[in-house]
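Open your viewer and let's walk through this model together, one selection at a time. Keep the sequence panel handy as we go.

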Amino acid sequence: MALTQHAELNRWIDECAKLCKPEDIILIDGSDAQRKALIQEACSTGEILELDQKKLPGCLYHRTAVNDVARTENLTFICTSLREDAGPTNNWMSPEEGYRRAREYFTGSMKGRKMYVIPFSMGPIASNFSKIGVELTDSIYVVLNMLIMTRAGKAVLDELGLAGRFTKCLHSKADLNIDRRLILHFPEDNTIWSVGSGYGGNVLLGKKCLALRIASHIARTEGWLAEHMLILGIEEPNGRIEYIAAAFPSACGKTNLAMLIPPEGLKTKGYRIWTVGDDIAWMRIDTDGRLWAINPESGFFGVAPGTNSRTNPNAVITIKKNTIFTNVVLNPDKTVWWEDGDGEPAPEGALDWKGNPWKPGMKDENGKPIPGAHPNSRFTAPLSQCPTASFRTEHHHGVPISAIIFGGRRAHLAPLVYQAFDWDHGVFIGATMASERTAAQFGKQGEVRRDPMAMLPFCGYNMADYWEHWLRMGVRMRWQPKIFHVNWFRQDEKGNFLWPGYGENLRVLEWILACCRNEVECSKTAIGWIPRMDDIDMTGLNLPRETFDKLFEIDPVAWEAEVEGIGEFFSKFGRRLPLELLAQHEALKRRLEELKGAKLKQEITQTSVK
Ligand code: OXD
Ligand code: MN
């Protein structure tokens, strides 16, 4: 009997089964009974371990293969007929080559295993915003994660009906061999093929692969935006809620910002934070001419190390139950631990993320500390468990966006916050945003990595066309959100952070919303509008005047080097680069020259006065 009532879906499942040769095909219906049976099965093979069900009810533990702990960008490809359509920032392969190479790895890859068919919806089922995908996988770990991260099961098949459109997502762990691993996107076929990996970002195909790479391509043709952004609501005591969407490169604290707790000094103002999403935003222009956003996901796939009651108390509560922990320390009492988390590590009997006996203070042969949890170890938890989860996550319309924020990690260059002069300037700011490598990252420290709109690894087509699309979206909106840039990571000469970050960031968000309501006047600078000191509420913070000044210093010489770097980056895109961005680049250059001239004049006057 056919597995579903959708003829094309049945045909495709058949085709993939012939290729991968599973011993059985199981349709994921979304029921609790089926989920529990799968957990039992995965526990019996050791794929998953049940944690202490009293201390961590519903929680599970998993380890990935040692060489399979992060997204493998070098093995991730956009497979379009024309190389130029993938653009200079993506790895490209022709669809013929992609299918040919991956087919070899998929051949017989599910022998002796089951193939699970997961119908899933990105976004609330039946919302105009949402997209349906079907993932075929040989991993129960993937099924259990997808049940948290997406709306999955029979209701999605019902919505798909007899002939609905869906993204074909095929995944097999195969032999987890890094030399036979590929993450392929075929935007022209609405298809994703991922083989040889078991790491979330490579295999939860609804997330980065569908909701960003494939969705960004679809969004361009359909006239909306698929972005690597958190969505957050800020409620004032009068009940008014304004929503912002913010893009930061991976590992810059998006999850923390999305669940922010108002700082002590602002508590009396009575703000309340609503978390809509921590990673991905799909945004459309509605009939009111405004930009509305949904979070297509229904869970968090967050980085564990660094998550604690100080940095993110809401996350700590969120992951107390029904959570899957991956590559963290397993304590002898079947609880979990990670670096910079809460509590002390178990003194004896713990196992590290590789499954080796581990205790605090262990060092390798070079005397370097051996981490117990992998730095990219993760928790997968339902969004609904977050104490600040927005009541609008299931609303089909999503939430109206008042401000868009771009953020980078710059030690010296970028001020704490500045506002774009207009939409095109905001697109330029997003297109040129960058971060400096920290000691924790591979590569030369301090090196600038451009990560436009935090989409560098996630844009499914030519980045120049993507900017063009952003510019056109601005023209189509009657009410454009205002665009800002923030930098929580500015340092002094000694390398100390100038801004405390975390909950204190609300002070900056408060200013941003005041700008959106035209309630404050700003100071004009060469790079954008910055706040006047009195307009950022510093109650209870004790930030000295000179620190504030340093946070907003604009050094024309450093910015000149930045302008040069931007020029080099833009030159990669040749004639496809939108003229509007070239014009913005020229205008910035001109404003910086003026600033340099003015500073020089000031210095000369000061010297002659002395
Ligand atoms: C993520 C990422 O996992 O951006 O969200 O890498
Ligand atoms: Mn992300």
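Start by selecting cysteine 515, which is buried at 4% relative accessibility; buried means under 20% relative accessible area, exposed over 50% and partly exposed in between, using a 1.4 Å probe and protein chains only. A disulfide here is a pair of cysteine sulfur atoms within 2.5 Å.

Before moving on, a word on what you are viewing. This is a predicted model, in which local features need pLDDT of at least 70 and side-chain atom pairs count only at pLDDT 80 or more, while totals for chains, interfaces and linings use all residues. Residues are numbered from 1 along each chain as its sequence is written, chains are lettered from A and ligands numbered from 1 in the order in which they are written, and side-chain values use heavy atoms, with hydrogens and water left out.

Next, select cysteine 459, another buried residue, at 1% relative accessibility. Its sulfur lies 14 Å from the closest cysteine sulfur, that of cysteine 209, so the two are too far apart for a bond. How many disulfides does the rule give? The count is zero.

Now go to the manganese ion (ligand 2). Its donors are Lys208 (NZ), His228 (NE2) and Asp279 (OD), at 2.1 to 2.2 Å. Donors are N, O and S atoms within 2.8 Å of the metal (3.2 Å for Na, K and Ca), and because water is not among the atoms, sites may look incomplete. Along the sequence, these donor residues follow the spacing K-x19-H-x50-D. Lysine 208 sits in helix H8 (residues 206-222) and histidine 228 in the loop between strands E11 (225-227) and E12 (229-235), so the pair ties together parts that are 20 residues apart in sequence. Helices (H or I, at least four residues) and strands (E, at least two) are DSSP runs, numbered from the N terminus. Lysine 208 is buried at 7% relative accessible area, and histidine 228 is buried at 1%.

Zoom in on serine 250, where a polar side-chain atom is 2.6 Å from an oxygen atom of ligand 1. For arginine 71, the corresponding distance to an oxygen atom of ligand 1 is 2.9 Å.

Key. Polar contact = N/O pair within 3.5 Å; in protein donor to acceptor, adjacent residues only side chain to side chain.
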